[in-house]
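Here is a quick tour of the fold, going from the whole chain down to a sheet and a helix. Have the viewer open as you read.

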Amino acid sequence: MTEAVRPSGPAVPSIRSLWNAYKALDAGASNSEEDEDKLARRRQLWMNLSESLGTRQLLLNLQSGRPVLILRPPPDLVNFSRPRWPIECEVISDIIQHIEWEPPDPEPFYKPSGHELTPIPSGDERGKMVYCTDFAPKHLYFTCSCVGGSRDSTRSTTTLVKPSDVTLEFESRFESGNLQKAVQVGDYDYELTLRTDMYTEKHTQWFYFRVRNMKAGVTYRFTITNLMKRSSLYSQGMRPLLYSERAAKENRVGWQRTGSDIRYYRKCSQNIAEKNDAAISLYSLTWTLQFPYDSDTCYLAHCYPYTYSRLQRYLKQISSNPAVASYCKVWILCQSLAGNAVYVITITSRGTSQGDVRNRKAVVVTARVHPGETNGSWMMEGFLDFLLGDSDDAKVLRDNFIFKVVPMLNPDGVVVGNYRCSLTGRDLNRNYKTLLKDSFPCVWHTRNMVE
């Protein structure tokens, strides 16, 4: 934990003078024509303030509009502890991991026949509920978190699967999972409801859940009933993803696109928002598939999952690699609302002198501000693999630039399986200008680092 300290010694007059100049920029009135010039002068003064410290052991930070010196955390304080969940989330103890493999390129698209079915919702009354997890928050907003989520048992989840039953067994109480309810409306036909982003009534598009107790060769139909985007790539040939643990173990086959009879369509019925009585349009995605093996453990997902735990494993791997230690350092930028570490990676070569490094331009790269956009994390990992590699291009970049990489801006949303928001129930991509440091620490600290 960092500690605020009071500056002393010969640097104090210089710091005080620069700080007074910094405050003077905010004292007078300004107009839009002056904003850009003032911003550039403020940035330069902030750089001068930091350089006046004359040490790398202290960092200059802002707290309530005042400069505060904090101790730079040593590398051994970077931890990779288990994810923290909101206290009301039920979490199973299973550790979910998937193998890596190269999927077909290009991935096979689905070609609509024009005769795809549009299932009419049956609902709980005419179907049999086979899975229901109580994701309804105990509070209207985030209150606290702990490792592993709820301390209570998982008794609120309903499952009616028996060893001799042909009913599928569903589960999603794991990292990035978000299935709330499954209703069996036919022998092999299921209606699925996704959990909205926590502490909201919106944002359902990402899905990720597990199924067991299937029979090979049988055609199953899944229909997700509460999607909220008007348009989708499923209307242009995209297929859901399937992962079979048996295929991974026996044939080294990982995630692959699958499904037939795919259709994305607007539901006939409407939900009425209680607060403003406005109609909310909901959309459905339906598809059929055949599982490759009997009694397998399979996962279905919207896009290739990339969890917070996977990021931690990757960062632990590169931070323990002595070959890259001279030009790569992993730090903790801040703690998220739930207390998950937001990591920042500094990548640059040592240089011939301190002035050489100081004069390099900085490049800031961030990813995963929206939890459901997992492709951003895969691209980020590929970017880091390249930048940390031995190619001549990577060496040139490290010699001429300082890279500041924040690989996951919204770890809380990733952990709980949100599609767009953090635990504030807000889109972080709309809050980079926020002054609410405690509510939006991830983007606040990122912006502060850039400035």
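## Contacts and overall makeup

Among contacts in the chain (heavy atoms within 4.5 Å) between residues at least 6 apart in sequence, 74% link residues at least 24 apart. This is a predicted model, where local features need pLDDT of at least 70 and side-chain atom pairs count only at pLDDT 80 or more, while totals for chains, interfaces and linings use all residues. Numbering starts from 1 along each chain as its sequence is written, and side-chain values use heavy atoms, with hydrogens and water left out.

The chain has 10 helices and 23 strands, taken as DSSP runs numbered from the N terminus (helices: H or I, at least four residues; strands: E, at least two). Of its 451 residues, 47% are buried, meaning under 20% relative accessible area with a 1.4 Å probe, protein chains only.

## A five-stranded sheet

Look for an open, antiparallel sheet of five strands, ordered β8-β11-β19-β13-β14; strands pair if DSSP finds at least two bridges between them. β8 (169–171) and β14 (256–257) sit at the edges with a single partner strand each, so one side of each has no neighbour in the sheet.

Inside that order, β13 (residues 241–244) and β19 (residues 297–301) run antiparallel over four bridges. Leucine 241 faces alanine 301 of β19.

## Helix α10

Helix α10 (residues 441–450) is largely enclosed by the rest of the structure, because seven of its 10 residues are buried. Those are Pro441, Cys442, Val443, Trp444, His445, Thr446 and Asn448.

How values were computed
Buried means under 20% relative accessible area, exposed over 50%, partly exposed in between (1.4 Å probe, protein chains only).
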